[in-house]
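Me: I'd like to learn how to read a structure like this one, feature by feature. Can you walk me through it?

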Amino acid sequence: MDFTLSSDQLSIKEIVEEFTKREVEPNAEKIEREPAMVKDILSKMGKLGLLGITIPERFGGSGLDYLTFGVIVEEIAYHSASLALSYGGHSNLVLDNIYRNGTEEQREEFARKLAQGEWIGSLCLTEPGAGSDAIGGMTTSYRKNGNSFIINGSKMFITNAPIADVFLVYARESSNYSAFILKREDGVETPGSIDKMGMRGSPTGEVVFHDIEIGKDRLLGGEGGGKKVIYQGLNAERATMAFLPLGIARRAMDEAVTYAKKRKQFGKPISEYQLIQEKIAYMFTRLEAARLLAYKAVILAQDKISDPKYAAASIMLASETAIQIAKDAVQIFGGYGYTTEFPVERLLRDSVIGEIAAGTTEIRKLVIARSVIDSYKG
Ligand SMILES: Cc1cc2nc3c(=O)[nH]c(=O)nc-3n(C[C@H](O)[C@H](O)[C@H](O)COP(=O)(O)OP(=O)(O)OC[C@H]3O[C@@H](n4cnc5c(N)ncnc54)[C@H](O)[C@@H]3O)c2cc1C
C-alpha cells in the first residue's frame, strides 16, 4: 500500500494550506461565535475547486480520491474543526454521495452547484427518536402519489441544516427505504440552530418535512435503494472523516509541545520533566498509529472494498486519539489550558464529537466485532 502523495495531491494540499492559513486560522474564534460564516467560507472554497475533490472535473470537481479528501479534512481541522465538520458534511456526505448514486441528470442538476459552493448540502438521517437505530427506528415517511412522492417527518442534529440549500433525506415506506434529494424551496423547514458543547462554528439543526411533494427525478439510488445508499455512505463518511480528529490531535500536540518548551517551573522548561515527556511520547505514537490506520482505511474505501471494519476502526481510533491528545494538551497547559485564552480547551471540546457522530464509538465496536467474528470460518 503506497501512501506517497502524487504531485496533483500535493498541489491541492498546498492550495488548502495557503487558504486555511489566510482565511481560516485568523478567523477560527470568530467562526465559533458566528457559525453562519461557514457558508461564506465554503463558497470561497467552492470557487477554488476545493469542495468537489472526489468528483470529476466535468461536474466542477478535481477528480481526485478519498485519500486526498482526507488529507484536506485534516488540514482544515488543524485550523478549525468546525469548518472541517461542515466541509465533510457538504462535500462527502452530500456531494460525493449524490455523485456516487445519482443519475446523469441529478449529477448535472446538483453536483456542479454543490461543487462550486453555490448550494450548501446537508445529509438527513438521524431523527429525534432514532440515532444509533437510525434505520429500524426511522419514522420519516414517504408515500407515492401518482408520479410523485410525499414526505413527512423530521430529522435531528443535522450538520449545515440552518445554512443548507439541498437536503439528502432518508425516508421509509413500511420496510422500504429510499433516499431523496430535496431543495429548501420544496418547503423544507429548519427551525433554529442547536447550541452545542463543541464544534460551535458548525451550524447544526433540526429539519422538518410537512407533506413535501417531489417528483421521482429526486429519488437517489432508485426506489427502495435507500439502505444501500446509507451503508455505502456511512463507510465513505467514516473512512474520510477519521481525518478530522487527526487534525485536532496534530494541532493539540503542536500547541502542547511548543508551550512545554517555553513554560518554566522549578527553574526549567516543563518539557524537561519526564512525566511531561511521557505525554509527548504517547501523543506522537498515538497520532502516527491512528494516521496509518486512517490511510489504510481510506484507500480500502476508495477501492470499494466493502468490509466496514476498517473504516469503523479508523474513525474509532482517530477519535479516541484526538480526545486523549487534546486532554493531555490541556494538562500540559495547566490552568491556562482551562481558559479560553488558548485553543486547547476548544480542541478538547471539539474532539468529543468524534465518538458520537457518524455512528457512536459503541456502534463502531459492534460493526468491527461482527465483521471480525464473521471472518472466522466454522
Ligand atoms: C454535532 C453533530 C453533528 C451531527 N451531524 C449529523 C448529520 O449531518 N446527519 C445526521 O444524520 N446525523 C448527524 N448527527 C447525529 C449523530 O450521528 C447521532 O447523534 C449519533 O448517531 C447517535 O445517535 P443519538 O444521538 O440518538 O444517540 P443514541 O442512539 O440515543 O445513543 C445514546 C447512547 O447509547 C449508546 N447505544 C445505543 N445503542 C447501543 C447498542 N446497541 N449497544 C451499545 N450502546 C448503544 C450510544 O452509543 C450512546 O452512547 C450529528 C450529531 C451531532 C452531535
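Reply: One definition before we start: domain bounds come from an automatic or database domain assignment. Keep in mind too that this is a predicted model. Here the assignment gives domain 1 (7-119), domain 2 (123-225) and domain 3 (242-375).

Me: Where does the ligand lie relative to the domains, and why?

Reply: The idea is to ask which domains supply the residues around it. Domain 2 and domain 3 both contribute to the shell around the ligand, so the ligand lies between them. That shell has 21 residues, and the closest are Leu125, Gly131, Ser132, Thr360 and Glu362. The elements giving two or more residues to it are β1 (121-124), β3 (148-159) and α12 (361-375).

Me: What is the make-up of that shell by class?

Reply: It has 10 nonpolar, nine polar and two charged residues.

Me: Okay, on to domain 1 and domain 2. How far apart are their centres, and how many residues does each give to the contact?

Reply: The C-alpha centres of domain 1 and domain 2 are 22 Å apart. Their contact takes 25 residues from domain 1 and 17 residues from domain 2. On the domain 1 side, the elements that give two or more residues are α2 (28-33), α3 (37-47), α5 (81-101) and α6 (104-115). The largest share of that side comes from α5, with 12 residues. By class, this side of domain 1 has 13 nonpolar, nine polar and three charged residues.

Me: What about the strands? Which ones pair with β3, and in what sense?

Reply: For pairing, look at the sense, the bridge count and a partner or two. Strand β2 (residues 141-145) pairs with β3 in the antiparallel sense over five bridges, and Ser141 has Asn152 in β3 as its bridge partner. β2 and β3 form a hairpin with two residues between them. Gly146, in the turn, has a positive phi of about 65 degrees. β3 also pairs with strand β6 (residues 204-215), in the antiparallel sense over nine bridges. There, Gly153 stands opposite Phe209 in β6.

Me: Which residues have a positive phi although they are not glycines?

Reply: Two to look at are Asp211, at about 45 degrees, and Ala358, at about 60 degrees. Asp211 lies in strand β6, while Ala358 is in the loop between α11 (344-351) and α12.

Me: Last one: how do I read the core? Which residues have the most contacts inside it?

Reply: In soluble globular proteins, nonpolar side chains tend to be buried together. In this model the largest nonpolar core has 117 residues, and those with the most contacts inside it are Val73, Leu168, Phe180, Ala252, Ala326 and Ala329. Helix α10 (residues 309-333) gives the largest share of this core, 16 residues. Take Phe180 as a case to look up yourself: leaving out residues up to four places away in sequence, Phe180 touches Phe149, Ile151, Val169, Ala171, Ile214, Arg218, Leu219 and Leu220.

Terms used. Residues numbered from 1 in each chain as written. Predicted model: local features only at pLDDT ≥ 70, side-chain atom pairs only at ≥ 80, totals over all residues. Contact = placed C-beta atoms within 7 Å. Helix = DSSP H or I, 4+ residues; strand = E, 2+ residues; numbered from the N terminus. Nonpolar A, V, L, I, M, F, W, Y, C, P; charged D, E, K, R; others polar. Near = placed C-beta within 6 Å. Pairing = 2+ DSSP bridges. Core = buried A, V, L, I, M, F, W, Y, C linked by C-beta atoms within 7 Å. Buried ≥ 20, exposed ≤ 12 C-beta atoms within 10 Å, placed from the backbone.
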